[in-house]
Amino acid sequence: MESEITGEGKPAEDSTPSPPPRHERLRTILHALRSNKGALAGAIIVSMFFVTALAVFIAGLLHTRITPYSPIQQDVGPALAAPSWAHLMGTDELGRDVFSRVVAATPNDMAVSLTVIAFSLIVGAFLGTYAAFHGGLVDEALMRMTDIFFAIPGLVLAMAIGIALGPGITNMAIALMVIWWPPYARLARGEALKIAHQNYIEAARLSGAGRFRILLEHALPNISQTLLVYASMDTGTVILIYAGLSYLGLAVRPPFPDWGQMVSAYQDYMVSVPWLPLFPGIVIALGVIGFSLLGDGLKDALGGS
Amino acid sequence: MEDNQRDDVILETRRLGKQYPIRRGFNPLARNQPRFLQALNDVSMKIPRGKTVAVLGESGCGKTTLARAITLLSPPTSGEIIFDGQNLTKGKVNTKDLYRRMQMVFQDPDSALDPRFKVKDLVSEPCRRLLDASKEEVNEMVMRSLEIVGLADYSERLPGHLSGGQKQRVAIARAIAIRPEMILLDEPTSALDASVQAQILNLLIELQNDYNLSYLIITHNISVAEYLSDMLVVMYAGNVVEYGPTGPIIARPRHPYTIALISSAPIPNPWKRNLLNTEIMGEVPSAVHPPSGCKFHPRCPYADKICGEQTPGMVEIAPGHFLSCHFADKTA
Amino acid sequence: MSSNGSGKLLAISDLSISYTSEQGKVHALQDVSLDIGENQFVAVVGESGCGKSTLALAIIGLISMPPAMVESGRIEYRSVDLLALKENDRRKFRGTEIAMIFQEPLTSLNPVYKVGDQIAEAIMVREQGHGRGEGVGEIGVMQRTYDSKSVSAPPRLHLPRIAPRDRTSAVLDALKRVRIADPEQVIDRYPFELSGGMRQRVMIAMALSQKPALLLADEPTTALDVTTQAQVLKLMKTLMTEVNTSILLITHDLAVASQVADRIIVMYAGDVVEDSDVYGLFSEPLHPYTVGLLSCIPSGSKKERKLKPIPGSVFDLTKTTGACKFASRCSRAMAICRQKKPALIEARKGHRVACLLYGG
């Protein structure tokens with residue numbers, strides 16, 4: 001069918017780029033990971049943590065364990081023994097295998113950080129985007145509310161909430177969720193403001209899309225990239241803060257292992273048995289570094305494109 | 001304004017106005033600052049069914065505000081809009097019904113398409129949301145629409161992999177997919193190369209003929225306005241200064257601004273260097289502090305005392321040809 | 001078309017520039033040859049991607065190499081090959097002999113300095129002689145964009161010791177020359193406080209304050225309103241005689257070119273396809289691409305004339321060919337067009353064309 005447009009069968013094109021490869025974004029990420037050594041290291045570390053956490057968790061469900069020893073059983077070896085092949089991280093003052101304890105504690109931090117980040121992402125994204133699109137009083141209200149959160153040191157607030165709720169890992173997770181979402185809301189708001197006046201948002205209105213649908217289908221997907229990059233770096237921070245709460249004794253209570261709590265319990269032995277508090281500390285640091293590297297790599301990979 | 005014949009008018013605006021409040025904060029020194037910005041003032045026009053009306057003007061004249069007001073994206077603060085007999089400014093308007101019959105193509109093809117939506121999803125969005133059609137029916141409408149604009153093979157692409165002209169064609173496909181009666185086009189070809197522009201213009205004319213579409217085209221390009229439109233609305237600083245059939249206005253513009261505008265338009269003719277003979281001084285006035293009386297008077301070669309004191313009304317100087325100027329006889 | 005040292009202001013011969021990109025090597029310019037004489041207004045016209053901006057940037061030396069590289073050719077300014085110079089020597093020409101203004105003046109002016117200071121600095125460069133050293137010549141006219149993302153700290157202005165009184169009057173003169181009313185007010189304004197037309201005038205003032213022999217203008221009026229465009233173009237033409245400059249105007253708008261230029265050069269996909277004095281081009285456009293461009297321009301009403309867009313798509317610059325690049329879109333293509341590359345020859349007096357229809 002000849003079109004009148006150009007007088008030829010095929011319409012004229014202006015310089016068109018060739019069709020894109022499939023799954024472009026995934027490829028960009030994978031490529032970035034391959035080329036950026038730091039990001040690769042981060043990805044490996046993070047994967048190790050997740051796999052370990054998952055393994056421990058599933059093992060627990062099946063009433064078995066993957067660690068060499070039970071994390072709570074005492075006297076599996078001589079007390080305060082140095083690291084050896086039998087006890088990779090040595091033993092603590094009650095003769096428990098430190099390595100088993102460290103590994104067994106992995107799901108705690110992973111679960112808490114995932115939950116807190118997921119909550120913050122979802123709540124922050126919705127609130128921030130809605131405020132940006134709505135403007136006016138709603139926007140002002142959100143800004144001032146987040147201002148209040150920013151004015152108070154996060155850890156102190158989390159502690160206060162934690163103490164009010166009582167110790168325990170769930171309560172700590174709740175406390176962290178409460179203080180964690182404001183930066184996400186602000187970030188989402190900033191990104192949403194950038195696109196709020198894009199023509200495609202107005203075009204969506206002309207297509208009959210309601211406000212909520214525009215938010216969900218047009219706004220959120222277009223701001224997700226920035227938020228996700230921020231979240232990936234931020235996960236490390238949750239781990240750190242949670243470890244801090246755990247150090248203060250607000251999370252998991254002995255005899256159950258938890259990294260922060262272990263650092264606190266073992267720090268008395270710092271001089272004579274230095275590896276004891278160091279091992280859990282190093283693992284915490286590793287977790288934070290891993291997520292930081294990964295997030296940074298993602299930022300470079302996606303931020304540039 | 002009498003109708004001599006029963007014109008079939010699809011859209012009419014009556015004294016349309018749009019005002020934006022200016023935020024001054026609590027600064028006591030700002031007490032004497034203006035409180036409002038008048039982006040549109042007293043805009044009246046009629047769009048006959050099946051015809052093209054071009055709104056011609058430069059930056060700050062309010063043409064985009066006009067489009068957004070008519071489509072109710074940014075509703076007017078005064079005046080009326082009558083769309084096919086229905087008053088859009090009175091009472092609650094069902095926007096879904098409205099958008100089934102009135103669509104818009106935006107100025108910037110890059111920002112008009114959601115970068116995360118495939119072409120077929122972009123084009124199908126109005127069909128899905130505004131019509132009660134089944135999935136198959138929607139698909140069919142989308143494919144037909146893409147075929148018309150010549151992008152049948154591009155349904156799976158993302159906007160990032162389309163050229164400017166193709167993006168604009170997708171936007172047009174989206175607008176026509178639900179078979180509206182009227183389409184507003186905001187600078188549809190400004191961002192495009194000459195050849196692509198020609199394609200798009202041809203496409204628009206073809207669509208108008210095939211589907212009896214009515215167009216309101218907003219442009220600052222006089223050649224495009226002259227080529228496409230049956231009627232011309234010349235705007236300056238929020239007001240309509242001249243309005244009437246395109247041919248006569250281009251051939252013999254009467255408003256001093258229209259005269260300046262048309263003589264500034266570059267034509268591909270080195271023997272007629274009108275551009276270098278134009279003598280227009282000054283700049284578009286600030287919308288916050290507009291000149292008193294006729295907004296064009298500080299720049300007008302014919303201006304006199306009355307021009308700064310009184311805004312001229314719209315006078316019909318020929319059948320269907322309206323002018324807003326105190327000295328209509330000076331340019332006759 | 002070889003250059004000779006016969007007093008031509010600018011002689012470009014067989015210039016080929018390519019750059020590497022993700023899609024491969026892009027041949028932005030191929031064997032481009034053209035001359036510009038004294039006091040001439042030349043327009044380079046073409047659609048996006050034809051290489052016209054690359055040409056201008058190559059002349060003034062603002063292309064970063066890598067990723068670009070000069071494959072061959074010479075750019076001779078008053079018989080000096082600019083491409084053969086070292087950057088330090090080339091800088092002596094930039095801003096002083098050859099100046100450039102860009103499309104979007106808001107990004108060409110430094111947002112944190114007042115307009116008056118920026119003009120003053122441009123003037124200082126000339127007064128102080130050439131090659132003053134790092135930084136000075138770079139700021140102002142030369143620096144292409146103050147991309148808000150890349151500026152960390154504003155560069156320090158090196159305003160040498162000249163009595164403020166003299167400096168100010170020089171700046172005022174510069175502004176008056178571009179017909180700005182109230183130059184005393186404008187001196188103290190920041191770029192964002194001015195309108196597009198004013199900013200472009202400031203750019204022109206800065207560019208011409210150094211009395212260059214050649215002014216390059218890359219789409220200077222594309223972002224402006226029609227009436228402002230007319231004002232700016234008229235200004236440029238007037239100043240050309242006042243300051244005794246030649247102007248090379250880059251534009252996609254053939255109509256604009258026809259209104260102001262003495263000569264028009266049409267480019268397509270990195271080649272010069274037609275080069276003629278303006279009257280010759282419009283009385284007898286030779287190259288089918290030029291004819292195509294002209295038939296795309298809307299004029300009159302839709303009832304009178306149907307627009308004829310050029311079929312096909314722009315030649316892919318990542319490819320090279322021994323044939324005519326326009327052949328696949330050409331309504332008058334002959335068999336030989338797909339085998340032989342046309343050379344730029346003088347088909348009529350003062351009118352060169354690269355098309356096998358006319359020999360070559």
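Predicted model: local features only at pLDDT ≥ 70, side-chain atom pairs only at ≥ 80, totals over all residues.

Trainee: What order do the strands of the open sheet have?

Mentor: Go from neighbour to neighbour. In chain B, you get S6-S7-S8-S3-S9-S10-S12-S11, an open sheet of eight strands with mixed pairing. At the edges stand S6 (102-105) and S11 (315-318) of chain B; each has a single partner strand, so one side of each has no neighbour in the sheet. As you step from one strand to the next, the twist averages 20°.

Trainee: Okay, now the helices. Which strands does helix H1 of chain B lie across?

Mentor: Look for contacts, then compare directions. H1 (residues 63-70) of chain B lies across S3, S6, S7, S8 and S9 of chain B, and runs at about 150° to S7(B). H10(B) packs on the sheet too, touching S9 and S10 of chain B, and its direction makes about 105° with that of S9(B).

Trainee: How do the axes of H10(B) and H8 of chain C cross?

Mentor: With two helices, ask for the distance, the angle and the handedness. H10 (residues 256-264) of chain B and H8 (residues 226-243) of chain C have axes that come within 8 Å and cross at roughly 60°. That's why the two, H10(B) and H8(C), are called oblique to each other. H10(B) passes H8(C) in a left-handed crossing.

Trainee: Which residues of H10(B) and H8(C) meet?

Mentor: From H10(B), you have B:Ala260, B:Leu261 and B:Ser264; they meet C:Val226, C:Thr227, C:Gln229 and C:Ala230 in H8(C). Sorted by class, the residues of this contact of H10(B) with H8(C) are four nonpolar, three polar and no charged.

Trainee: What about H7(C) and H8(C): how do their axes cross?

Mentor: The axes of H7 (residues 196-209) of chain C and H8(C) come within 10 Å and cross at roughly 15°. H7(C) and H8(C) are therefore roughly parallel to each other. H7(C) passes H8(C) in a right-handed crossing. Among the residues making the contact are C:Ile204 and C:Leu208 of H7(C), along with C:Leu235 and C:Leu239 of H8(C). The contact of H7(C) with H8(C) has seven nonpolar, five polar and one charged residues.

Notes: Residues numbered from 1 in each chain as written. Chains lettered and ligands numbered in written order. Axes fitted to C-alpha atoms, helices over the stretch in contact; angles between N-to-C directions. Helix = DSSP H or I, 4+ residues; strand = E, 2+ residues; numbered from the N terminus. Parallel < 35°, antiparallel > 145°, perpendicular 65-115°, else oblique. Left-handed = near helix turned anticlockwise from the far one by under 90°. Contact = placed C-beta atoms within 7 Å. Nonpolar A, V, L, I, M, F, W, Y, C, P; charged D, E, K, R; others polar. Pairing = 2+ DSSP bridges.
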